[in-house]
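Dear colleague,

I am passing on the structure that we spoke about, and I would be glad if you could look through it before reading my notes.

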Amino acid sequence: MAAPLVLVVLAAVTVRAALYRSSLAVFIAERVEVASPLNAWKRVVEGLALLDLGVSPYSGAIFHETPLIIYLFHFLIEYAELVFMITDVLTAVALYLAIQDFNKVVFKKQKLLIELDKYAPDVAELIQTPMEMHYIPLKVALFYLLNPYTVMSCVAKSTCAINNSVIAFFILATIKGSAFLSAVFLALATYQSLYPLTLFAPALLYLLQRQFIPIKLKSKSFWLYTMQYTSLYLCSLVVIICLSFFLLNSWDFIPSVYGFILSVPDLTPNIGLFWYFFAEMFEHFSLFFVCVFQINVFFYTIPLAIKLKEHPMFFMFVQLAIISIFKSYPTVGDIALYMAFLPVWSHLYRFLRNIFILSCVLIFCSFLFPVLWHLWIYAGSANSNFYYAITLTFNIGQVSRVRQMKENRDSAKRG
Amino acid sequence: LLFCSWSVLWSGDDQAEQFLRSGHTNNWAVLVCTSRFWFNYRHVANTLSVYRSVKRLGIPDSHIVLMLADDMACNPRNPKPATVFSHKNMELNVYGDDVEVDYRSYEVTVENFLRVLTGRIPPSTPRSKRLLSDDRSNILIYMTGHGGNGFLKFQDSEEITNVELADAFEQMWQKRRYNELLFIIDTCQGASMYERFYSPNIMALASSQVGEDSLSHQPDLGIGVHLMDRYTFYVLEFLEEIHPASQTNMNDLFQVCPKSLCVSTPGHRTDLFQRDPQNVLITDFFGSVRKVEITTETLPLDRTWFPEEELATEPLKYAEQLPVAQIIHQKPKQKDWHPPGGFILGLWALIIMVFFKTYGIKHMKHVF
């Protein structure tokens, strides 16, 4: 499958290169849907310029990237476009390899269950044929690379692409079964934006499943493995944070990065739900509601872990979707990552009830974002409520899609 | 002979003294009425009567800053529109076609008043709203309204305190915005407003002492409100006798409105004033009377008065201002910051460790 992948990669790189050279690059880079205060390229440049002037980049409220990103771009800033294109390609390749391995496992499991007659007779449509499964990794790579969201995110040079790439490598490492690498990449992803912490649970479940360790609370091997994985993860996280300390010899980055993500001080409109609430809220209540909103991201992990413990990859997908909907500063780059996984469960599509409506909702909202932004900010004939309404609708569409897929999954498994 | 010489000396002294009576060259007046609402008609009438006198005695509108907090002449409750009477039975209309109100209605605020006094005014303010006085200006400041011990109420919503006023006058003194200042206030407990002054050359008069109320004069039954306050009524009567050449001095003004007529005890303060009030003419403040010396000699303008004009240097051409090499070969910006060596070492050591842990030592031989 190398050749079609290479073709897809070339096509993607061409599209991005063409867009970089066109005038759209500047326009896209400024859009709030694509660049958030956490990952805008302007801020990276600003931070590096501050560093050249001898000032800590975290001294203003502009730069919210981690020190490792500073290190990366200090040497690569002239080749920024190349870096982002290569990052996207690496993400796609990682996803491709990951899904390839995953499909092998799924196929084996499916074969086993068929032979054991575990499936009900009328579930024939749900069983994936080898032919379909052969093309799924390519579809995943395609979905990721040629997704307009990814392209826009790459053209805007948003560091979300780097985060996506780290998460993709984490998924690859998990599927390949290497607990050590998986812990390292998860630590890197958490280090950059706090929310991948919730991906710890699906990764653990997958690795346990791979090692054939049953998930029973009383089982000693379960706890042993969990402890091992947890300690690997925490140690790598601590090592990375300490290493970052040595870059600038200060702990400034912790309030600037993690404090910023958690306390949401910047209320620039984006496609998320935080800005509108906190813009309208009285100061007295903002701490409480910040806590409520942040807990919302982490809250679904445990119930989903209990419910989806046999399907950790699906759990990973749902968790990624939850992160990208409920995180404090979402951008379309986050959405692109979980959308890339949709072909993996393509056999469930015919059972999604409102697939047409949901897809239309998502496409319409994507087009309405810039329209209503223009009406609000430039024409002055709309107001923030319009833009907020569209973010609501968009997120409702996403949540509905995820919910639908989960319901279908459950109903399919039940038989 | 002695008597003659003595009288010549005396007249010379007198003449000199008369000539040096006041060092001012221009006069300004800031007249402020701080109350609004129809039942405070008398405050507007007070201010307008002082305005009328001051204008009659020669101060032009360009040198008068008139601040009226409400419009009585065109007030819907005024049975005689376009008039403001100061005497009952409508004897004297102090309003008219030539009344120029500079700050009207809601523009009369403490902030605006202090800005006018101190000159700290936004650049877009028109000239008619500015107090463009200099260090040779004599300024008359007249304020009327409702007041209390240490404050004067503006517009029924804010106050100016005597401390603020004293500081504003000190700012004026520091900025050389007045030569001499006469401050008249007609409010309840008015004397408290001049208690805190500490700048030189200020003379102050008030209509009542601390603890006393200033009372109004009779009401007019046709208009339905009190037309004037007692103190200003009698001051107005006093001023009607003054004309630009009169030699009446300030001591006479201090006697205006004794307790029998005014019910309250008017007060005055002259300790900050350098001249004797006896030598201060009413027209020094209320009128625009200047010392004019007519001379029939011709004064030649001497060329030595003006210094030699320096030879203008040749202006530099643009290209010569920067060295050409610097303009053409713009080097790219040097990156001044580099990550510390320890960090790079640590990071790459970690990466190599992870690599070998994952893929095993056997790949070492491929690396080297």
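Predicted model: local features only at pLDDT ≥ 70, side-chain atom pairs only at ≥ 80, totals over all residues.

Residues are numbered from 1 along each chain as its sequence is written, chains are lettered from A and ligands numbered from 1 in the order in which they are written, and side-chain values use heavy atoms, with hydrogens and water left out.

In chain A, an unreviewed UniProt entry lists several stretches as "transmembrane region", among them residues 68-99 and 193-209; such positions are given in the numbering used here, feature names are shortened, and annotations may be inferred rather than shown by experiment. Residues 68-99 of chain A are 91% helix and 0% strand, with end C-alpha atoms 28 Å apart, while residues 193-209 of chain A are 59% helix and 0% strand, with end C-alpha atoms 27 Å apart. Helices here are DSSP runs (H or I, at least four residues), as are strands (E, at least two), and both are numbered from the N terminus.

Helix α3 of chain A (residues 41-52) has 12 residues and reaches 17 Å from its first C-alpha to its last, close to the 16 Å expected at 1.5 Å a residue, the expected span being 1.5 Å times one less than the number of residues. Its buried residues include A:Trp41, A:Arg43, A:Leu48 and A:Asp52, where buried means under 20% relative accessible area, exposed over 50% and partly exposed in between (1.4 Å probe, protein chains only). The cover over the buried residues of α3(A) includes α4 (67-76), α5 (80-115) and α11 (220-248) of chain A, and just after α3(A), A:Gly54 takes a positive phi of about 90°.

A:Phe180, in helix α9 of chain A (residues 179-192), touches A:Leu232 as well as B:Val354, B:Lys357 and B:Thr358, leaving aside residues up to four places away in sequence; contact means heavy atoms within 4.5 Å. The C-alpha atoms of A:Phe180 and A:Leu232 are separated by 6.6 Å, although these residues are 52 residues apart along the chain.

Chain B, finally, has 12 helices and 10 strands, and buried residues make up 45% of its 368 residues. Of the contacts in chain B with a separation of 6 or more, 73% are between residues 24 or more positions apart.
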